[in-house]
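Welcome, and thanks for having your viewer ready. Let's walk through this model one selection at a time.

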Amino acid sequence: MVVTGHRDKAPQAIQSLEGGTLPGLRRMPVWPLYALFLGYPLWWALGLTSVIWVLAAFPMAIALARRGRIRVPRGFGLWLLFLLWVLVGVTALGMVAPDTMPDSGGLMGYSHRLLLYLAATVMLLYVGNLTEQEMPQLTVAKLLGFLGVVTVVGGLAGVTVPTLEFTSALEMLLPQRLTGDKWIEEMVHPAVAQLHQVIGSAPEPRPKAPFEYTNTWGNNLSVLLIWAVAAWWAHGSRGRRWLTALLLAVAMVPIVYSLNRGVWVGLIIAVLYVAVRLVLRGRIMVIGALMVAALLAIPAFAVTPLGSLVQARLQNGHSDSIRTTLALKSVEAARSSPIIGYGTGRAMRGSASSIAVGRSPSCRQCGNAQIGSTGQLWLVLISHGLVGTVLYFGFFVHAMWRYRRDDSAIGIAGSLVVLLSFWYATTYPSAGSPLCLTFIAIALLWRNDLARRERMAAERAEWWLRFKRARAEHSRGLRPVKPPAGPARPTGPTGLAKSARAARRKGIGTAVPMVEDRETRVSVR
């Protein structure tokens, strides 16, 4: 807000909005976000997918430290308490959880996950503290949409050339004793698909590029497509809308071939949620659009292999047994150590069928499955106990509730991402890129809320200045005019009574006539 001419003392909102930025703060560089998202195909090819989020957080943290003053969202204390719980959990790494292998809680896994939590925290604060001048929210949404396009291309590559893989530069630099570990190999060895025996006797290719795992690919793709729609459908031209629709249609092919039932359910949740939010805004036609889309999708699935693939996947519960077993073991571990948990996940003793069946040199895939590997909920339960679980999910519940009334495109997209995080927490681990993407969504919701509150403060400040100036002119005997339009006032008997009482407390008479203000010009930009 810029005020010229006569200046009275006014609320701080005028100064805080001047020039679209906050006074006394250093401008933050935005290249870390551009480098992270636009360069993601390169980071994948170099074998840096699992660590690029941590590396990108370093320049963001430096920018925040040089900012001068850092804002934090409401409810951030819950997340800080969770991080404190994670730090306390290091003392439990030596403990043995029920029915787990001794010494299976390693410091390396704990440290890696802690770094990922800290990286997500930095990205939340970094994106949330950027102003519209530094990087508009729509630009952030477009960067996320670009990564969505890259993920769709990687998924198509996983379907068409599933055997494509190569040795990355990072993999060449690491010693053989590290790259020989299956966990590290999957993080540094670029491949477009994972081969899993899910439906029949032969392994099926499941897309994963440009991420480490198929489940991570599906989780991230469903989130990134939401931002593609928000950026290019809700705020795009007719041509961009057609291209966005084409992107969604093409994305269905690798999504079906990924055999990720969790993603399939997540997409259904997303469609229903957006439909409900739009209907509440009065967009009744969205129901008809959904019916038309369903009528077109049914024959498309019937005449293509996609329909039979979905049916076969639903009839073959490939991982149901082990997922149920690991979830029950996680709950049992949380009950045995409800306060601080065990610091990290643990390797289960034996297998889902018998404790006598375990991993051996001749069978690397037999038994000893990792408790907490089948969902963030189960990981937090065993790692940080019931208290840590309440703190972790309490932060997301608070964010979902606080921004529930934001019905803008950014608001609906961001709240949908947070909502999906609850569902995916039961099926996929989210420490890493999924958590960072969720925190960026919360940062955009937070910025949207701040912008709305600043607009309201600016309107109140403008009205306050005009009112005070008009009252001064009236005291000099100028002709009264119609009162200036002010901020929205409460309606109804109760609201009017409250408004009158508030006016009397401030010493503002409700019957004071207003005059035209020809000297003070107030503009908002």
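**First stop: helix 16**

Select Thr325, Leu326, Ala327, Lys329, Ser330, Ala333 and Ala334: these are the buried residues of helix 16. Buried means under 20% relative accessible area, exposed means over 50%, and partly exposed lies in between, with a 1.4 Å probe and protein chains only. Helices (H or I, at least four residues) and strands (E, at least two) are DSSP runs, numbered from the N terminus.

Before moving on, a note on conventions: residues are numbered from 1 along each chain as its sequence is written, and this is a predicted model, in which local features need pLDDT of at least 70, side-chain atom pairs count only at pLDDT 80 or more, and totals for chains, interfaces and linings use all residues. Side-chain values use heavy atoms, with hydrogens and water left out.

Now show helix 16 as a whole, residues 320-336. Its 17 residues reach 25 Å from first C-alpha to last, close to the 24 Å expected at 1.5 Å a residue; the expected span is 1.5 Å times one less than the number of residues. What covers its buried residues? Strand 5 (370-371) and helix 17 (376-402) are included in that cover.

Next, pick Ser319, in the loop between helix 15 (305-315) and helix 16. Ser319 counts as buried because its relative accessibility is 14%. Draw a C-alpha to C-alpha distance from Ser319 to Thr374: the two are 55 residues apart in sequence and 9.7 Å apart in space.

**Second stop: helix 11 and its partners**

Select helix 11 (residues 214-232) together with helix 18 (residues 409-424). They pack at an angle of about 170°, with their axes 9 Å apart. Axes here are lines fitted to C-alpha atoms, for helices over the stretch in contact, and angles run from 0 to 180 degrees between N-to-C directions. Helix 11 is therefore roughly antiparallel to helix 18, a label for angles over 145 degrees.

For the side chains, show Asn219, Ser222, Val223, Ile226, Trp227 and Ala230 of helix 11, which meet residues of helix 18 including Ile410, Leu416, Leu420 and Tyr424. Contact means heavy atoms within 4.5 Å.

Is helix 18 mostly covered or uncovered? Mostly covered, with 12 of its 16 residues buried; among them are Gly411, Ser415 and Val418.

On the helix 12 side, the contact includes Arg240, Arg241 and Leu247, and on the helix 11 side Trp217 and Trp232.

**Last stop: the nonpolar cores**

A nonpolar core is a set of buried Ala, Val, Leu, Ile, Met, Phe, Trp, Tyr and Cys residues joined through side-chain atoms within 4.5 Å. The largest has 93 residues, and Leu33, Phe37, Trp79, Tyr126 and Trp227 have the most contacts inside it. Helix 6 (residues 107-129) gives the most to this core, with 12 residues. Apart from it lies another core, of eight residues, among them Ala97, Leu326, Ile371 and Ile382.

Finally, zoom out: the protein chain has 20 helices and six strands, and 46% of its 525 residues count as buried.

Terms used:
Angles under 35 degrees count as roughly parallel, over 145 as roughly antiparallel, 65 to 115 as roughly perpendicular and the rest as oblique.
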